[in-house]
Amino acid sequence: MKRSMRVRLVLIFSTMLILIILCIFMANVFLLPRFYQSTKVAQMKRVCTRVSEICENVDWDDQSTENVYEVYDKLDMLSSNSNVDIYIVQIVVYPTSGDIAALNYMYPNNTDRLQQVTKEQLGKYVKATYFGTPLDANCEVLSQQDDCEVYKVYDERVDSNFIELTGVLPDNYWLYLRTNYQSIQESATVSNHFLMYVGVIAVICGVFAMLFVSNQYTKPIMHLVKHAENMKKLNFSSRYEGDRDDEIGILGNSMNALSDKLEETISELKTANNELRLDLERRSEQEKMKQEFLANVSHELKTPIALIQGYAEGLQDNINDDNESREFYCEVIVDEANKMNKMVKKLLSLNQLEFGNGQIRMEHFDLNEILNSVVNATDILFKKNEVTLSYDRNSEPVFVWADEYMIEEVVTNYVSNALNHVKYEKKIEIKTTNNKETVRVSVFNTGDPIPEEDLDKIWSKFYKVDKAHTREYGGNGIGLSIVKAVMEAHNQPYGVKNYDNGVEFWFELDIKD
């Protein structure tokens with residue numbers, strides 16, 4: 001099972017917190033006593049220096065002087081503030097027989113030097129004689145200098161450790177400082193117990209705090225993951241909506257820009273893909289299409305050209321002298337010329353599609369706008385032909401991928417074809433049907449069904465089911481050919497379906513992103 005980043009962050013934070021607490025605990029056990037001892041030694045030396053400064057130029061023999069009492073006050077204050085006991089002792093330079101015995105006790109291997117006692121030996125003598133603590137195995141020298149020595153001493157009498165200092169003062173006075181060392185061990189023990197309780201509480205609180213903090217980061221990341229999944233499915237409507245200005249916000253904005261770029265690129269790829277596929281298909285058919293095109297154009301133009309030529313020659317030869325006949329001749333010529341003009345325009349449009357000159361540009365647009373535009377443009381023809389139109393205008397947009405201009409041409413041809421063939425009840429119905437990934441547009445008109453044998457042929461150029469009827473409204477069999485060319489260029493389905501009371505033409509387009 002994969003661990004989420006949220007769980008990983010909590011585990012990492014908890015582990016680091018526990019390690020920090022353990023480090024502090026070990027430091028209390030192993031490092032704190034040494035640090036405390038070093039600090040106390042430095043403190044004893046500072047107190048020694050301060051005492052030397054206070055006692056400088058003091059006449060201890062004259063106890064009545066005000067100066068001596070001030071010194072006592074200063075020494076008491078220094079002792080209280082530093083928690084150090086201060087003793088000042090005066091001894092003689094030449095030891096007595098009792099002193100020599102004491103020195104012999106301290107220096108058993110140096111009895112030949114007892115008559116040449118130094119001040120350093122007298123300092124140790126002071127300690128042994130006046131305070132009953134000989135320099136034995138319980139005494140550890142911590143620091144030695146010319147004017148003072150510092151010891152760590154275990155006093156069996158009180159079962160406690162002390163740090164002591166003996167130093168030299170002027171006029172054969174000696175300084176003895178003593179402070180308790182036992183308290184640090186008790187403090188370390190208490191501190192470790194306290195740290196253990198506090199550590200447990202800190203870990204528990206830290207876990208909950210980290211869960212809350214990690215949620216502030218994992219939640220937007222999960223939004224980005226969902227956004228990425230939508231992009232993976234080519235759904236570019238998903239957006240990152242956060243307003244953060246940190247790395248997550250930068251990533252989200254970058255993904256939005258990437259989504260826009262991918263949508264644009266896919267649109268271009270769709271266009272390029274259609275062009276490539278169609279280009280391969282068109283190459284094999286171009287020669288055949290050229291031949292068919294020339295033959296059909298020649299056939300279609302032959303009749304109107306013959307009519308124009310015949311009526312023009314009649315006018316030239318003055319076959320009919322009356323104005324009404326000449327006007328009729330002119331109307332026929334103009335009407336045939338208009339039909340030829342429309343046919344040529346449609347042929348040019350169809351030729352561009354079939355030969356690849358009409359580029360298909362994939363766009364994302366609202367299909368309802370196209371349908372509304374065509375219906376509004378042909379409304380006058382519906383009224384002129386007394387046709388009842390059934391069309392429900394959708395309030396919701398239907399976005400499709402296609403060439404907007406060419407799809408409008410398809411809808412126009414379907415509606416025009418329905419108007420030309422509507423009969424009986426004279427009803428035309430335009431509707432759209434959503435099929436999840438595609439949308440179908442259908443145009444139905446009441447009238448005669450198309451014969452089954454002609455259903456596959458109506459999409460061919462210049463093919464007419466009822467040639468006499470198509471001649472009445474000027475049809476030339478090119479409109480449905482244009483529909484075929486456009487839909488095949490889009491690689492989308494299209495078709496026609498017969499009903500008992502009419503015919504329905506339809507086509508489909510992609511609506512999925």
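Y176 counts as buried, at 1% relative accessibility (buried means under 20% relative accessible area, exposed over 50% and partly exposed in between, with a 1.4 Å probe and protein chains only). The model is a predicted one, in which local features need pLDDT of at least 70 and side-chain atom pairs count only at pLDDT 80 or more, while totals for chains, interfaces and linings use all residues. Residues are numbered from 1 along each chain as its sequence is written, and side-chain values use heavy atoms, with hydrogens and water left out.

Aromatic pairs make a handy way into this fold. A search of the whole structure gives six of them (rings of Phe, Tyr and Trp, the last by its six-membered ring, pair if their centres lie within 6.5 Å; planes under 30 degrees apart count as stacked, over 60 as edge-to-face and the rest as tilted). Y176 pairs with Y87: the ring centres are 5.7 Å apart and the planes stand at 40°, so this pair is tilted. Because Y87 belongs to strand β1 (residues 85–90) and Y176 to strand β5 (residues 173–180), the pair ties together parts 89 residues apart in sequence (helices, H or I of at least four residues, and strands, E of at least two, are DSSP runs numbered from the N terminus). Y87 is partly exposed, with a relative accessible area of 35%.

W459 and F505 form an edge-to-face pair, with 5.8 Å from centre to centre and 80° between the planes. This pair also links distant parts of the chain, 46 residues apart: W459 is in the loop between β10 and α11 (467–473), and F505 is in strand β12. Both residues are buried. One aromatic cluster is formed by Y414, W459, Y494, F505 and F507.

F505 leads on to the largest nonpolar core, which has 45 residues; I407, Y414, I428, F505, F507 and L509 touch the most other members (a nonpolar core is a set of buried Ala, Val, Leu, Ile, Met, Phe, Trp, Tyr and Cys residues joined through side-chain atoms within 4.5 Å). Helix α10 gives the largest share, eight residues. Leaving aside residues up to four places away in sequence, I407 touches F365, L367, A402, M487, H490, F507 and L509 (contact means heavy atoms within 4.5 Å). A second, separate core of 24 residues includes V41, V51, C55 and C148.
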